[in-house]
Amino acid sequence: MTPIEYDVIVIGAGPVGENVADRVVQGGLTAAIVERELVGGECSYWACMPTKALLRSASALRAARHLPGAREAVTGDLDVAAVLARRDSFASHWKDDGQVSWLESAGIALHRGQGRIRSVRVVEVTGVDGVTVTLTARHAVVVATGSSALLPDIPGLREATPWSSREAASATSAPHRLAIIGGGVVAAEMATAFAALGSSVTVLARDGVLSSAEPFAGELVTESLREAGVSVRLGAEAVSVSRDDSATVHIGTADGQQVEADEVLVAVGRTPNTQDIGLESIGLAPGAWLAVDDTLRVVGGGEWLYAAGDVNRRVLLTHQGKYQARAVGDVIVARAKGEKVEDGQWGRHAVTADERAVPQVIFTDPEIASVGLTAAAAEAAGLRIRVVDYDLGSVAGSSLHADGYKGHARMVVDEDRKVVIGFTLAGPDVAELIHAATIAIVGEVPLDRLWHAVPAYPTVSEVWLRLLETYGR
C-alpha cells in the first residue's frame, strides 16, 4: 500500500497534539493526528474538566455557607446525582464527536488506532480492526502521547483493582469508604471532592500533602481536609494491599496499621505513554520519558522528531503542554519554510516559561494558586532571595468575600534583580488572582514599577500592595 503523506504527523490527539496540529495547519502545512482512544485526551475526559466539575458544586456551597444571608438560604445538602450529571456533561459523556468535528473544521486529518514509529518520518497506524496504514511525514513527527497514572510495586495492589485518576474522575457513585495512596495534587483534590460527595476518606500521605508547594499550602489544605472529616495520615506508607471476597480493600502500612475501604485510589505520580509507539525502531528506549532540546526536538531522535506535553517531563500540566505545542508547531513551520528560528530566552520558539513561570491552581479547600519558584526551589537554584509573607485574610476584600476568610500569600523576590520570581496564594477563590503574578514574573517587572500597579479597593488583589509594603520601598 502506498504511504499517505503529510507535512507533519502527530501521535496523540489530546490538547497538546490538537494544538500542535492546529499551529502547523495555520502555518500553511498539512497535518494528521493519530489517536488510539478518545480525541481530546486525558484532560477532556478524565482530568482537568471532569475533576473540576466534581469540585465546583461543593466549592460554591461552601462559599454560600460562609456568607450570612446566603447561608440562611441554603436548606439542603449537596445533590450528588446532579453533581455527577454535570460532570458527565463536561466529559461529553465520554464521546468525542465534538472534538472530531473540530479536527475536520480545522483541516486536520484523523487516523484512529495505535501509532508506531517504524523508521525516519514513518508512522504505522494499526486500527481496532487490525488493518495497518502507513503514514509518512515530509518534515516532522511529534510525539504527544501524554502520561498515565503510575502504579507502584506494592504487593497485592494490582490484584486489588485499584482506582487511578481515571476511575476517580468517572466514578458513577461515591464509595462509602475511599482510601487514597498519595498526597499530591490528584490525591488532595479527590479527597476534597469525595469527602464533599459523602465518602469517608482516608489519605495515606507518605511524603506529606502537596509537598512540592510552599509549606503553608499543604498545612492549610491538611487542616481543611481534617475539618471536613478526612483522615489524613502524614508519613503513612502503604506496604500491602488486598481485596477480600466481600470486596473490601485492606491496606497495610509500614507502621503496622490497617486501613479498610471500599475503593482505593492510587495517586503517586505519572508514567509516560511511550511503551508501544515504536521508539525501539529508532534507537530510543520504550517506556522512557523523552528528553528534548530547547525547541523540543527529541535528544537522539534526529532532526525530524519532537515531543511535547507530559511525555517530555518538563511540566506535567495541560496548559503548559499547550504552550509547548504552540511553540513546537511554529518552529516546525519555520524550519520547513527556511525561516529564522527564535529560540533564545522568551523567543517565539522557546519554552522559557517551563523553567521560570509555570502557573498552577490546585482546586482544594482552600484553593492553592502559584507561579514561578517556591522559596526552597529558588534557594536550591542559588539565588539570593527575600521571602515576603502576608495574611490574606487581613485584606479588606477578603473580609467582604467571606466571613472567617483564612488564607496566606507569599512573594519570592530575586534580591539581585529586584523582581518577583515566585508567588503563592492560598485561600478561597484565589484561582483567578494568579495571572497577575504570572504577568509580573514573565514580564520581569521591577518592584519599583509594581508600586504603580494600584489594586482596586476593596478587592482581594489588594494583597499586592500589602506585600510591597511589607517588603519596603
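Visitor: What should I know before looking at side chains?
Guide: Residues are numbered from 1 along each chain as its sequence is written, and side-chain values use heavy atoms, with hydrogens and water left out. The model is predicted, so local features need pLDDT of at least 70, totals for chains, interfaces and linings use all residues, and side-chain atom pairs count only at pLDDT 80 or more.

Visitor: Is strand E12 buried or exposed?
Guide: Strands are DSSP runs of E, at least two residues, numbered from the N terminus. Buried means under 20% relative accessible area, exposed over 50%, and partly exposed in between (1.4 Å probe, protein chains only). Five of the five residues of E12 (residues 249-253) fall under the cut-off, so the rest of the structure largely encloses this strand and its residues are buried.

Visitor: Which residue in E13 is the bridge partner of Ile-251?
Guide: Two strands pair if DSSP finds at least two bridges between them. E12 and E13 (residues 258-261) run antiparallel and are joined by four bridges. Across from Ile-251, the partner in E13 is Val-259.

Visitor: Which residue in the turn between E12 and E13 has a positive phi?
Guide: These two strands form a hairpin with four residues between them. The turn residue with a positive phi, about 90°, is Gly-256.

Visitor: Which residue in E2 stands opposite Val-10?
Guide: Strands E1 (residues 4-11) and E2 pair in the parallel sense over four bridges. Opposite Val-10, E2 places Ile-33.
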